[in-house]
Amino acid sequence: MIKKHSLSIILPAYNEEQVIGNTILDVWRVLQQWRLDAEIIVVNDGSADRTGTIVAELARDLPQLRLVTHPTNQGYGAALVSGFEAAMKELTFFMDSDGQFDIRELQQFFGAVERYDAVIGYRLERQDSAMRRLNAWGWKCLIGWFLDIHVRDIDCAFKLLHTEFLCTHPLETRGAMINAELLYKLKQAGYSYHEIGVLHLPRRGGQATGAKLSVILRAFRELIIYTRKWRQEKQALVNSQTELPLPRQA
């Protein structure tokens, strides 16, 4: 167990009233066992149900819990970015709040984060429909072609990294593209990352939104727009370096 680092845990939530309370309490109990200097930040992304109310009620009894609220739904990436901006500890970890991950799996990440700049999970025996798994495979291929990022599970919402990276490399996308951007910017900045398999559990309630047509179309749009933007920025940097004046000879 690592104890010299402090930890911010980000839980993005959208219409998760059926599971959010249990997820928070599970995380809180494990943190108590580990005796970490930690905070739990739930980002309520414009939920139309009682998600925000439940979190606010729990926050009155749990001093480590903070609630960040989006008045309207802004997207998964926007929720993560708000959580990253609110993080105040040395390490930042994010996990979906739908109950499909076990926070105890994070323990195996702590040793690796001493050797790598980020530790990213990949889902073992993914508990999703065949269609969602097919969509994920197609998205993984696209990210490989567009951004040259090749990992087992791009969108696995179980990642641990140093908060300093998030402060110095702010993320620009606000939809489902966010995980791909995170990995791309880690790679471009010369940071290292390591993959570890984690259990993926059946959903305990609520409804997944990742397969919605609007979410998919937004991800494609952001992929095209930002791939072009980042390539132009990269080329501009190369051009500026080649155009530097030669030193004058004495």
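## Rings and helices

At 35% relative accessibility, phenylalanine 220 counts as partly exposed, because that value falls between the 20% and 50% cut-offs. Keep in mind that this is a predicted model.

Where do the two partners sit? Tryptophan 139 is in helix 5 (residues 130–147), while phenylalanine 220 belongs to helix 8 (residues 213–242). The pair therefore ties together parts that lie 81 residues apart in sequence.

Helix 8 also holds a pair of its own, made by tyrosine 226 and tryptophan 230. These two are separated by about one helical turn, because they are four residues apart in the helix. Their rings are tilted relative to each other, and both residues are buried.

Here are the two pairs side by side, described by the distance of the centres and the angle of the planes:

| Ring pair | Centre to centre | Between the planes | Geometry |
|---|---|---|---|
| Tyrosine 226 and tryptophan 230 | 5.6 Å | 40° | tilted |

A search of the whole structure turns up nine aromatic pairs. Elsewhere, ring pairs join Phe93, Phe101, Phe109 and Phe158 into a cluster.

Now for helix 2, which spans residues 51–59. Which of its residues are buried? They are Thr51, Gly52, Ile54, Val55 and Leu58. These residues cover an arc of only 165° around the axis, so they end up on the same side of helix 2.

What covers that buried set? The cover includes strand 1 (7–13), strand 2 (38–45) and strand 3 (65–70), along with helix 1 (20–34).

Let's take a look at helix 1 against helix 2. Two packed helices are described by the angle between their axes and by how far apart those axes are. Here the angle is about 30° and the axes are 9 Å apart. The crossing of helix 1 and helix 2 is right-handed. On the helix 1 side, the contact is made by Ile20, Gly21, Ile24 and Leu25; helix 2 brings Thr51, Ile54, Val55 and Leu58. Sorted by type, the residues of this contact are six nonpolar and two polar, with no charged ones.

Note on methods. Residues are numbered from 1 along each chain as its sequence is written. This is a predicted model: local features need pLDDT of at least 70, side-chain atom pairs count only at pLDDT 80 or more; totals for chains, interfaces and linings use all residues. Side-chain values use heavy atoms; hydrogens and water are left out. Buried means under 20% relative accessible area, exposed over 50%, partly exposed in between (1.4 Å probe, protein chains only). The arc is that of the directions from the helix axis to the C-beta atoms. Contact means heavy atoms within 4.5 Å. Axes are lines fitted to C-alpha atoms, for helices over the stretch in contact, and angles run from 0 to 180 degrees between N-to-C directions. A crossing is left-handed if the near helix is turned anticlockwise from the far one by less than a right angle, and right-handed if clockwise. Ala, Val, Leu, Ile, Met, Phe, Trp, Tyr, Cys and Pro count as nonpolar, Asp, Glu, Lys and Arg as charged, and the others, Gly among them, as polar. Rings of Phe, Tyr and Trp (its six-membered ring) pair if their centres lie within 6.5 Å; planes under 30 degrees apart count as stacked, over 60 as edge-to-face and the rest as tilted.
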